[in-house]
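Please keep the sequence and the model at hand while reading.

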Amino acid sequence: MTDLKKTSSLEGKNASKEKNSCAKAPLFTKNRPLTIVISALGGQGGGVLTNWIVSLAKQKQYFAQATSVPGVAQRTGATIYYLEIFPKAEGANYDNPPIMALMPTLGDVDLVVASELMEAGRAVQREYVTPGKTTLITSNHRVYSISEKMHMGDGRGDSDTVLKAALEASKTLISFDMEKLSNKTGCMISSVLFGSIAGANILPFSREDFENAIRVEGKMVDINLKGFGAGFNAAQKNIITDIFKPVKTAASIAGNANHPQSKKIIEEINQLPLSARELAYAGCKSLLDFQDISYAEEYISILKEYSKIRNSSEHIIKELSRSLALWMAFDDVIKVSDLKIRAKRTADYRNEVKAQEGQIVQMIEFMHPRLEEIIGIMPVKMARFAQKSKLFSKFLGLFTGAKKYDSSKLFPFLMLYFIASLKGMRRKTLRYYEEKQLIDSWLIHVKTACEKDHDLALEIIKCQRIIKGYGETHQRGQDNFKKIMSALGAENITAKNITAKKISALHKAALSDEDSHEFNRLFAAL
Amino acid sequence: MAERSFAKEVQKLRAGKGDEFHGEGILAVTKALLQSGVAYVGGYQGSPVSHLMDVLADSQEILDELGVHFEANGSEATAAAMLSASINYPLRGAVTWKSTVGTNVASDALSNLASAGVMGGTVIILGEDYGEGASIMQERSHAFAMKSQMWLINPRPNLPKMVNMLEKSFELSEASNTPLFFQMRIRACHLQGQFTAKDNKKPAFSVKDALENPNREADKIILPPFTFLHEKMKIEKRWPAAVKFIKEHKLNEIFDGSENDVGLILEGGLYNVVIRSLQLIGLADTMGITKIPLYVMNVTYPLIDDDLTNFAKDKKAVLIIEEGQPNYIEQALHKIFNDAALKCSISGKGTLPLYGEYTGQAMNAGIKKFLKSYRPDLLKSDLLESAFPPAREFSVTPKDLDKAIPMRPPGLCTGCPERPFFAAIKMLEKEYGEVHISADIGCNSFGTLPPFKIGNTIMGYGLGAASSSAFSSVRSNRSISIMGDGGFWHNGLTSGIASAVYNNNDNVFIIVDNGYAAATGGQYIPSSAQTLKDNETKATIQDAVKGVGVKWVRTIRSYAIEEVRDLVREAMTSPYYGPKIIIVEGECMLNKQRREKPIVKSRIKTGKREIKERFYVDSATCSGDHACIRLSGCPSLTIKPNPNILHSDPVAYIDNTCVGCGLCGENAHASVLCPSFSRADLIFNPSLWDKIKHSVRQSVIQYLQKRKDAKRAEITL
């Protein structure tokens, strides 16, 4: 969320909501069981949570009815559980049981519990959540769906919009990262949810009653109680605002420079437009890491130059600091090797695979160097020779193909170490030469375009994002990129028919399918 | 064994007279079978009654004690044919399956069973897979009941009623010599509730008794002239007997209300949602006391004409509430009222939605529409309106929300052995372009969804092979048929493979052998490593296809992705003319994990050396293109925000549910993806030699790492 004004108004709205919810309407009337919808993904323990609520209600002399509709064929989709509870004291008994519905009626749900943010969004979308009635308890973490994951760029759903909608549509919203709490306590997310329900004070049962339900079910009682407690406390605090934290932009970059050259760079960063500084700083750092301090100087001097060209703007510099840094630190074999041998990488790796302290972990790296990549790290002349000589290529071919290296072993580690140490001669390699040519030409295109059309220049800058990945992916991206550049015409004139909108559409198309169908169609239509 | 174990819950089945029984719908139904003195049970799994089969399988001990025969039938047709045991003997029998698909498969046997008629009570429990959560095409089972003259029970969905109606079903079946359907919707199967139990009954007449006293009645054989006699019996004897029984035992219920110039006629299964809808407009309460009279059909076929006429005769209008199309009951009602010259008008579909599930929303709107036409004075309060304030000033519009929320289609499980095989096909597509692929029912159907999108048609369980028949003789691009092992044994061997051999079909057939009927919850099949009763493989797919005459048969391990790709390519291009069968092997990962996890855990606990594998992606080298995900779709291979603020695209990330199946690495190699994948081998209880090697290596590596770090620290920013 960047809109600060709206953030504060949202907070205010929620605060007033809380006040309203203090004045509680009677939960049960002769006409009114309490209704609960639970939406959980496979493996999150939605069934366990349902059982807890049923058993809790049973112990407290309530009728409870629960049912569920599993996601298609029970695999990976969300399961919707629906529960109703009704006090026995209302004149109902086993011979004369209350009639309870098997599915929610829109506008008639007291409590919606979701184990993941988009599932909460779906409950809002389906109008299970209504402002007059529903308390919505949801974790705000994300479990990405396949459509979001498989996108060639960023296909993620819009969490901010969903949270905003959840806040508007509910009577009370309780939302925090329950996955984090469940990881911390080692329990399933269902225990945190159960704790949140207790903490929300919506059911007519005490905390002790809830905890007893966990004890009665008798499975992993201690861990579940811990998760329950964490959820209870968080819900009582009603932490909902942490997602709406404004993005803070530092006025100037302090940095951590220890060298005259690097100090100079920090100074220069701080002369750039405000919104570009953070990215430019990150860019310089990544280039220092990739090559050396003078490479970072080169980068910053380009940014400086481009902040002075005609029609330049804060936007232009911001995007350029991002794209140029990413491109200048291209992914060659030297960089990949360098990243794989670092102590920090080993630490991150061990942490992520949950290795115990001191545990031996073998790290089997899956590599598939191609001839192009090996030739790429040779000096230009030698590389040209290798490209022409069949014999030489054949020899180099021995080093290509599918390889598995255990980088925790000496020989593979030393090999990577050796390749990483070729960094000193990187600027002489074929790959560097080729990338540099492309970058230079792109920069001229940007400049030429910018003089006429600011937005077009911005779109040209953004096109850098098309080039990514390795092997064929990289090749395809680069080909599409080159096509766009060629459509722009010669470097120093911009073709008349090209607009920012068209470039943006091509950019989007290049990231829409692997076969470039859409891209080629649009390109042909230019 | 099956994905969900009911070993603990089935102990509830021992509950005796007066005990309070708490549990799920399917468990209650099982209890009702035992209380009814059933002699044999069986069926075929499929949602929503997969768990009923699992419950029966887990209750083996209790069934044995009572002398009840249980069989996990090979298909629904097998199950229906098993019911023939009740034709000549007073044996009570029950089977279950998913409907309408299972009823389709069974219908040949059912027609014959219904024609011959039964002596012992015969009940088919239908898991009616209709509405939200359904996984099949949307049809009604009602038509089967009408065409074969079998009765259709659709009880009010609460456990006491369901249990009671199941017990009555056996009596009704016996009183009318007719087999009947007992219909349960998805939610009713999963319904948790309570009822007061009765004692279990041993069958009065058991299968053993039958075998010891064989009985043959020639006129029950399905041959002319008896078939003509059967038709006469159905109409003249069995139907009236059923109507009489239903009336006498008041199987249908009338709930009187004060506003008796209007009324609702409804299927029993819809009772609860109707009550809730009335409640929300202040015309009923939670205890079911209603102002509008209700005629609740716990038996939806046959209809009881004079009961219906009596109910409607003084009313100006009734609303008939039946779900799905065609509206058989509504049509019949017009005929019944017409014959009785009633003036009561009938509202039905049109007032209620023409198709689709009657959700609370649909029901509420429909009933209000009906009352608005005939009794607008009753529409005074509406509790729902308060939930939707008239001025909904939301800043987020429904359209914004639709855009913000991604779809969540189902997919294959983590580490699924079918995934590498689909990835191999995907890679081949890049070489050849797309080919026509006939898919099948089962886990493999998920191949038709993203990211793979492989498969043009799904024609039914085990019919993947048969559905490419039309493309079998064109000598150009071969088509591919995919079938799971479940479907193969269900009928694919004969309907698909044997037929392909006979017709010299030139296509490629891929049979995915994961060792179980995995999609329905991991039940055993003939090629599983064991069965419910024995610890051996009963039949192999290889022997079976060779047995029906296939000459080109290859078997391959699914995770060997490059070999799979090469083999499929070979099959597609081989000069051999005739059916080519590839059996792709890889055990269902859910079942494998369930079996192996505890073993590994205990080995680690007892100090044995173990290696656990899982994968890791380097976020620093991942470029956020997600090509790896497009070849996998594994739930554990996901994304996370890019740690590098310069990148806007999220990076790939492998979460802790990874089971180390190896596909990520194979994919990275086979399609030359990127150098970001790494497999972590975590060694537990290392040997002394492991430790020595490790410490020597680490001393060198850490020295070099420190040197590099120091060099980098010389200049910082």
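Domain bounds, on which some of the distances below rest, come from an automatic or database domain assignment. The structure is a predicted model, in which local features need pLDDT of at least 70 and side-chain atom pairs count only at pLDDT 80 or more, while totals for chains, interfaces and linings use all residues. Residues are numbered from 1 along each chain as its sequence is written, and chains are lettered from A and ligands numbered from 1 in the order in which they are written.

**The two chains**

- Chain A has 24 helices and eight strands, and chain B has 24 helices and 24 strands; helices (H or I, at least four residues) and strands (E, at least two) are DSSP runs, numbered from the N terminus.
- Of the 526 residues of chain A, 48% are buried, and of the 717 residues of chain B, 53% are buried. A residue is buried if 20 or more other C-beta atoms lie within 10 Å of its own, exposed if 12 or fewer, and partly exposed in between, with C-beta atoms placed from the backbone.
- Two residues are in contact if their C-beta atoms, placed from the backbone, lie within 7 Å. Among contacts between residues at least 6 apart in sequence, 79% in chain B join residues at least 24 apart; in chain A, residues 24 or more positions apart account for 70% of the contacts with a separation of 6 or more.
- Along the principal axes, the C-alpha atoms of chain B fill a box of roughly 100 × 70 × 60 Å.

**Where chain A meets chain B**

- The contact draws 118 residues from chain A and 102 residues from chain B. On the side of chain A, the largest share, eight residues, comes from strand E7 (residues 360-367).
- The chain A side divides into 57 nonpolar, 36 polar and 25 charged residues. In this division Ala, Val, Leu, Ile, Met, Phe, Trp, Tyr, Cys and Pro count as nonpolar, Asp, Glu, Lys and Arg as charged, and the others, Gly among them, as polar.
- E7(A) pairs with strand E24 (residues 677-684) of chain B in the antiparallel sense over six bridges; two strands pair if DSSP finds at least two bridges between them. The bridge partners in E24(B) include B:Ser678 for A:Glu365 and B:Asp681 for A:Gln362.
- An open sheet of four strands runs in the order E8(A)-E7(A)-E24(B)-E21(B), with antiparallel pairing. Strand E8 (403-406) of chain A and strand E21 (610-617) of chain B stand at the edges with a single partner strand each, so one side of each has no neighbour in the sheet.

**Domains of chain B**

- The assignment gives domain 1 (9-248), domain 2 (253-380), domain 3 (418-591) and domain 4 (609-685).
- The centres of domain 1 and domain 3 of chain B, taken over C-alpha atoms, are 34 Å apart. Their contact takes 11 residues from domain 1 and 10 residues from domain 3.
- On the domain 1 side, helix H2 (residues 50-58) of chain B gives the most, with four residues. That side divides into four nonpolar, six polar and one charged residue.

**Local features of chain B**

- In strand E5 (residues 122-128) of chain B, seven of its seven residues are buried. B:Thr122, B:Ile124, B:Leu126 and B:Glu128 lie on one side, and B:Val123, B:Ile125 and B:Gly127 on the other.
- Strand E4 (residues 93-99) of chain B pairs with E5(B) in the parallel sense over seven bridges; B:Trp97 has B:Leu126 as its bridge partner in E5(B).
- B:Gly193 is found in strand E8 (residues 192-196) of chain B, and B:Gly193 counts as buried because it has 24 C-beta neighbours inside 10 Å. Leaving aside residues up to four places away in sequence, B:Gly193 touches A:Gln65, B:Asn158 and B:Leu159.
- B:Gly193 and B:Asn158 are 35 residues apart in sequence and 7.3 Å apart in space, C-alpha to C-alpha.
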